[in-house]
Amino acid sequence: MTFSDQFAGKRIVVTGGADGISKAASALMAARGADRIVIGDLNVDLATVTAADITEATGATVTAHKLDVSDPASVTAFAAAALADLEGTVDVLVNLSLIHI
């Protein structure tokens with residue numbers, strides 16, 4: 001394994017993945033071979049654009065769902081959606097969501 005394929009075939013969940021460092025992390029993991037990535041973010045519109053951009057750039061399957069980490073029901077719904085998108089397998093979980101208090 002090299003750095004260029006270190007995520008080969010992996011199924012990944014990234015919370016807070018719509019922009020910034022989490023967007024860069026998602027793009028890097030896709031470029032390094034991730035099979036599927038699910039992005040969760042409060043700004044689902046931006047997350048959807050990010051997912052499409054990464055898919056176009058890398059060929060990885062990237063999906064996006066709304067995630068409000070301050071709301072337990074949203075977390076539960078996101079987890080269910082992510083597991084469905086990843087067919088029940090999560091190899092890597094990257095938690096980059098923030099709660100502003």
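A pocket, on a 1 Å grid over the protein atoms alone, is an open set of points where a 1.4 Å probe fits, with protein on both sides within 12 Å along at least five of seven lines. Grid points are joined across faces, edges and corners, and a volume is the space filled by probe spheres set on the points. The structure is a predicted model: local features need pLDDT of at least 70, side-chain atom pairs count only at pLDDT 80 or more, and totals for chains, interfaces and linings use all residues. Residues are numbered from 1 along each chain as its sequence is written, and side-chain values use heavy atoms, without hydrogens or water.

The largest pocket has a volume of about 350 Å³. It is lined by 18 residues, of which G16, D41, L96, S97 and L98 are the closest to its centre. Lining residues have an atom within 4 Å of a point. Helix 1 gives the largest share, 3 residues. The lining divides into 7 nonpolar, 8 polar and 3 charged residues; Gly counts as polar here.

The protein chain has 3 helices and 4 strands. These are DSSP runs, numbered from the N terminus (helices: H or I, at least four residues; strands: E, at least two). Along the sequence the pattern is β-α-β-α-β-α-β. The radius of gyration is 13 Å, close to the 13 Å that the globule rule gives for 101 residues, so the chain is as compact as a globular protein of that length. The radius is taken over C-alpha atoms, and the rule is 2.2 Å times the number of residues to the power 0.38. The C-alpha trace spans about 40 × 25 × 20 Å along its principal axes.

The whole structure holds 4 salt bridges, each a side-chain nitrogen of Lys or Arg within 4 Å of a carboxyl oxygen of Asp or Glu. R11 forms one with D35; their closest N and O atoms are 3.8 Å apart. R11 lies in strand 1 (residues 11–15) and D35 in the loop between helix 1 and strand 2, so the pair ties together parts 24 residues apart in sequence.
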